[in-house]
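Thanks, everyone, for making the time.

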Amino acid sequence: MATVIDELTIPDGRIITDAQEVQKFSGDKYTEAIEAVNQPLAVVEAQSTADVQAAVRFANAHRIPVTARAAATSIVNGSAAEKNGLIIDLNQLNKILEINIPNQYAVVQAGVINSDLDNEARKQGYFFSPDPGSKPISSVGGNIATNAGGMSSLKYGTTKQSVIGLKVVLADGTVVETGGKTFKNNAPYDLTDLFVGSEGTLGIIVEATVKLLPVPFGNPVTGLATFANMKQLSVGVQNISGSGLYPSMMEALNKTSIEALDRLEHSDLGQGGAESLLIFQLDVAPAGALDALKKILKSSGALRVNVTDDPDYAKKIIKIRQDYYQAEAAYGRLIVEDVAVPLSKLPDLAEFVENLKFSSNVTAFLGGHAGDGNFHPNFAVSKELDQTPDDVNDAINQIFKYVQSIGGTISAEHGIGDLKEKWVLPQLGQNLVALQKKVKLTFDPNNVLNPDRKL
């Protein structure tokens with residue numbers, strides 16, 4: 001097989017075959033420590049769409065598995081190397097090709113970092129709304145491939161709501177352009193949405209046209225509230241959701257998460273017996289919003305409420321949420337999970353996670369996007385352990401099974417990759433899985449694009 005790779009040529013980029021150099025591209029940053037990293041045959045550092053076409057066309061002809069990657073921030077091993085496969089590295093496709101303010105869109109290559117696009121748009125009074133926790137380090141192409149969410153998904157939706165057009169390289173090397181530069185386009189089948197969240201299994205995204213939104217006028221209203229338990233917090237979430245105030249963010253943290261933050265920040269968020277914390281924001285605040293929020297939260301049983309329209313204090317509140325993973329990681333190597341349940345089931349999920357028992361030295365956390373039912377059960381395990389303890393794997397399986405039993409999903413924003421593959425059939429059922437496989441084979445009949453992932 002190695003002699004076959006020697007025949008690969010590309011017009012602009014670089015082909016890496018040195019084993020040690022190739023190994024550097026083989027794993028995802030967040031999973032390579034716990035997952036066996038396969039050794040691919042080579043890496044194509046693409047400098048152009050033509051490089052991607054040539055590499056995919058060659059791989060398809062020789063039935064070589066292909067995995068595209070840019071920032072490699074997948075949490076589900078979705079862009080790690082396939083054994084004897086070909087890695088197509090998109091980091092050099094990192095140009096913002098156009099920011100068109102009159103028409104409120106940007107055209108970017110797949111390797112552009114999310115926050116870089118957002119920062120450039122903000123210089124002109126606009127912003128890019130997808131805001132995953134990995135915003136400063138994840139690529140727009142990766143966000144699209146996984147349909148990434150984030151703190152502002154409650155108001156602005158996940159990544160797919162911001163994508164209006166794509167340039168994609170198919171398995172045979174053909175380039176197709178879906179969507180366009182208008183916000184409405186009912187001429188074709190909606191293949192743009194089909195590619196969003198497909199995790200590189202249907203085609204390789206090399207370029208995207210995305211919506212930009214004007215930065216909201218005025219100062220946002222930001223706050224935090226503590227509650228005696230997650231059930232009471234959920235009452236507050238439901239009351240704010242039904243208030244007509246349209247929050248842009250509602251983030252919840254459980255007792256162990258509060259303790260971790262207090263330890264990191266030297267704060268006292270857990271004062272007065274608080275066992276759950278809600279952080280919220282209205283980026284467009286109508287007159288009276290600040291007083292209305294205080295009244296809603298107090299009537300919902302909040303123990304403590306801090307609400308402000310002061311931008312400096314608001315930054316301190318948001319920083320608490322942004323430091324969430326750092327605070328947890330101080331307890332050990334962090335395993336991050338991603339589930340979503342109907343809003344009324346949030347207290348049930350919290351109780352289920354908090355009642356899990358461990359024989360090994362493990363700290364379990366629960367936090368996430370309470371406004372849309374998306375929670376992250378996270379586990380800190382000893383950094384001295386090479387493998388995840390069996391009781392942690394068992395706990396994750398219990399969570400997935402429970403989430404599916406109450407009408408939830410085992411992936412809200414991180415994707416399936418190959419870590420959650422066995423849970424797809426129980427959630428979707430045989431008929432839908434069979435239909436998805438037919439779609440996959442239509443786009444990729446030789447099954448070379450990120451095989452055995454997503455499905």
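Helices α13 and α14 run roughly antiparallel to each other, because the angle at which they pack is about 160° and any angle over 145 degrees counts as roughly antiparallel. Please keep in mind throughout that this is a predicted model. The axes of α13 and α14, the latter spanning residues 390-405, lie 11 Å apart, and the crossing of the two helices is right-handed. On the α13 side the contact is made by D348, L349, F352 and V353, and these meet Q398, I399, Y402 and V403 of α14. Sorted by class, the residues of this contact comprise six nonpolar, one polar and one charged.

Now to another partner of α13, which is helix α8, residues 230-241. How far apart are the axes of α8 and α13, and at what angle do these helices pack? The axes are 8 Å apart, and the angle is about 155°, so that α8 and α13 are, once again, roughly antiparallel to each other. Their crossing is right-handed, and the residues that make the contact are M230, K231 and S234 from α8, together with L346, P347, A350 and E354 from α13. In terms of class, this contact of α8 with α13 holds four nonpolar residues, one polar residue and two charged residues.

Two or more lining residues come from each of α7 (191-195), α15 (424-428) and α16 (430-443). Which of the elements gives the most to this lining? That is α16, with five residues. By class, the lining of this second largest pocket has twelve nonpolar, 14 polar and seven charged residues.

If we set aside the neighbours within four places in sequence, T49 is in contact with K167, V169, V175 and V206. As for L90, a separation of 41 residues in sequence from T49 goes with a C-alpha to C-alpha distance of 9.6 Å in space.

Definitions and conventions. Residues numbered from 1 in each chain as written. Predicted model: local features only at pLDDT ≥ 70, side-chain atom pairs only at ≥ 80, totals over all residues. Heavy atoms only, no water. Axes fitted to C-alpha atoms, helices over the stretch in contact; angles between N-to-C directions. Helix = DSSP H or I, 4+ residues; strand = E, 2+ residues; numbered from the N terminus. Parallel < 35°, antiparallel > 145°, perpendicular 65-115°, else oblique. Left-handed = near helix turned anticlockwise from the far one by under 90°. Contact = heavy atoms within 4.5 Å. Nonpolar A, V, L, I, M, F, W, Y, C, P; charged D, E, K, R; others polar.
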